[in-house]
Amino acid sequence: MIQIAFCDDDQTVLDQLSALLEKYCTQRCIQIQCTAFRSPLDLLAEIEKGVRYDILFLDVIMPAENGITVAKEIRQYDTAVEIIFLTSSTEFAVESYMVGAYFYQLKPIWEESFFRLTDSVIAECCRADQRSLVLRCKTGISRIELDRLLYCEVLGRTLLFHLSDGGVLESTGSMDELARQLAPYEIFLRPHRSFLVNMEYVQNISSRAVTLTNLVQIPIPHGKSSDIRRQYLEYAFRRKQVML
């Protein structure tokens, strides 16, 4: 279920947004969980605790703290949430993009513009979910685009996600559960119980290891190389990448 949060110090605005969202859900036959905040500090406290929202409507001008500043703080914990600023003027548009905002909603809020923007941002969330993985990391909540994920490895209960730009993200979990979550994408191969590799980055498969394009070698258990090659070739044939 999509999680949406509204943050505005004006209760009238929050009531209006809640009513519009309720009407939107009825007309679109969709279920959305909504949480409203009058204080950005309360919102930040929830996000710091690890609560995740898919979409956040955030007022720009609030007594306690500027919305742009709040967004910068949120980005330290969550790089995946789609932020939409609530504002009476477009003067904050450029600044909003600096914190990775999706768009802005002008006040006064009209039903037509709210519905159109909500349609758009929900569609973006769905597209992102189809080709990405959201992780709870030591640094907060991050979204990994699967095309950028080279391989994963597990050390104890720590999952290490190695990215194409050389970055590494850490999370907690099991490789079995991760493999189950990624199985529908069909681009991942598990040559070893402790590793999961993106087949788009495979350079070579020998009897002992899978070599990736960054020259990292993933070990293959004894007697498993034929099965690993078969799985990779089946994937390559489906992608029409094999030439004989």
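**A buried aspartate, a parallel sheet and a helix pair**

Aspartate 59 lies in strand β3, which spans residues 55–59; helices (H or I, at least four residues) and strands (E, at least two) are DSSP runs, numbered from the N terminus. The model is a predicted one, in which local features need pLDDT of at least 70 and side-chain atom pairs count only at pLDDT 80 or more, while totals for chains, interfaces and linings use all residues. Residues are numbered from 1 along each chain as its sequence is written, and side-chain values use heavy atoms, with hydrogens and water left out.

With a relative accessibility of 4%, aspartate 59 counts as buried (under 20% relative accessible area, with a 1.4 Å probe and protein chains only). Leaving aside residues up to four places away in sequence, aspartate 59 touches Cys7, Asp8, Asp9, Gly67, Leu86 and Lys107, where contact means heavy atoms within 4.5 Å. An unreviewed UniProt entry places the feature "modified residue: 4-aspartylphosphate" at Asp59; such annotations may be inferred rather than shown by experiment.

Strand β3 also has its place in an open sheet of five strands, ordered β2-β1-β3-β4-β5 with parallel pairing; two strands pair if DSSP finds at least two bridges between them. At the edges are β2 (32–37) and β5 (103–106), each of which pairs on one side only. On average, neighbouring strands of this sheet are turned by 20° against each other, direction ignored. Strand β1 (residues 2–7) runs parallel to β2, and six bridges join the two. Phenylalanine 6, for instance, has alanine 36 of β2 as its bridge partner. Helix α2 packs on the sheet, where α2 touches β1, β2 and β3, and the direction of α2 makes about 130° with that of β2.

Next comes the helix pair. Two packed helices are described by the angle between their axes and the distance between the axes. Helix α2 (residues 40–48) packs against helix α3 (residues 67–75) at an angle of about 5°, with the axes 10 Å apart. The two helices are therefore roughly parallel, a term for angles under 35 degrees; angles run from 0 to 180 degrees between N-to-C directions. Pro40, Leu43, Leu44 and Ile47 of α2 meet Val70, Glu73 and Ile74 of α3 in this contact. These residues comprise six nonpolar, no polar and one charged.

Over residues 133–205 the chain is 11% helix and 58% strand, and the end C-alpha atoms are 26 Å apart.

Key. Angles under 35 degrees count as roughly parallel, over 145 as roughly antiparallel, 65 to 115 as roughly perpendicular and the rest as oblique. Ala, Val, Leu, Ile, Met, Phe, Trp, Tyr, Cys and Pro count as nonpolar, Asp, Glu, Lys and Arg as charged, and the others, Gly among them, as polar. Buried means under 20% relative accessible area, exposed over 50%, partly exposed in between (1.4 Å probe, protein chains only).
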